[in-house]
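Please open the model in a viewer and prepare to select aromatic side chains one group at a time.

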Amino acid sequence: MIIVPSNEILEQWVEDYVPRKDLFFLAEGNIEKLQGHLRNVLIMPSTEFFNHTSYTQIELMNSYEYWNIKNASHVIVAQPDWIVGVAEEIRTFLLQCQVKIERGLVLPKTFIADLTEVPEDYIIDDLVVLQSSMWEGMSQSNKKMIIKKMVAEWWEDGACEEVPEELPPHLMPYANTYATTAGANCLAAALYAVSDKESEWLLQEWIHQQAFLNGLQQLGYAVYEQDETLIAGDVVAWIDNDEVIQHASYYVGNRLFFNKQGQTIFNAWKVRKEADLMKDWSSMQMKIYRNLNKKVKKFKVDA
């Protein structure tokens, strides 16, 4: 089956997708070219920026896709109206820099339903650079269409399995639904799955590895190494060569998982086939965590 975001979810995404604070990432040498034009902004070395608590918020990280940024030496932090007030050639140069440095909020023109709402300065070749003021100037319908197209093409195709009857009751409201909170990641989904309704707040957290493992331990879970046979209630983690958990998911039984693939607002909580997850993470080492006090019907992992 295919799930699609509701109008309510789309409206929330439109509200949250483009941050209200503009960031401009610059490569070595770009600052010198802008000398005299950078008033009423903060100019930060990238090392300072990426270690600054104000700018490592998950919402900023996800929207600007920090993990994709290449060769940034400095970052400009500006209010939304600043870019509108600079000279046209400066604005064009800054926006070209954003494309070259491969930050987020840069979309193909084909994602824009109505290009007439996009100022020409923000169109760089076949790409559109989104910034707060120009996003606010676009119609709600255009913004919804942009996000729907982007999510379908880049983030989430909506493909999932029917919700099984054996899914724990506290997961029923979330299975095959989209998130609205940035940071809610796979570890949070797996940890909440083995908890209960009282721990619902966990589902919205950006949980890191040690907190995840501590949580499993408190619930009576331990590594199970006798074989690769899964039982309902198991948590499976996929681990890289540095012993870092790259993904984790909750095994529902009947060769199905309750899963979240990523920490952005566009990643849904979905019921997925075991075979699909095993394929997606085949390059990683699989580790099973089990509550050994439970005895449930076993299912053999497909080779």
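**Aromatic side chains**

Begin by selecting tryptophan 238 and phenylalanine 257, both of which are buried (under 20% relative accessible area, with exposed meaning over 50% and partly exposed in between; 1.4 Å probe, protein chains only). The model is predicted, so local features need pLDDT of at least 70 and side-chain atom pairs pLDDT 80 or more, while totals for chains, interfaces and linings use all residues. Residues are numbered from 1 along each chain as its sequence is written, and side-chain values use heavy atoms, without hydrogens and water.

Rings of Phe, Tyr and Trp (its six-membered ring) pair if their centres lie within 6.5 Å; planes under 30 degrees apart are stacked, over 60 edge-to-face, and the rest tilted. The count under this rule is 19 aromatic pairs.

Next, select phenylalanine 25 and phenylalanine 50, a stacked pair with centres 6.4 Å apart and 15° between the planes. Phenylalanine 25 belongs to strand 1 (residues 22-26), whereas phenylalanine 50 is in the loop between helix 3 (46-49) and helix 4 (58-64), 25 residues apart. Helices (H or I, at least four residues) and strands (E, at least two) are DSSP runs numbered from the N terminus. Phenylalanine 25 is buried at 0% relative accessibility; phenylalanine 50, at 30%, is partly exposed.

Then display Trp13, Tyr17, Trp135, Trp155, Tyr178 and Phe266, which form one aromatic cluster.

Finally, select arginine 290, whose charged end sits over the ring of tyrosine 224, 3.8 Å from its centre (NZ of Lys or CZ of Arg within 6 Å of the ring centre and within 35 degrees of the ring normal).
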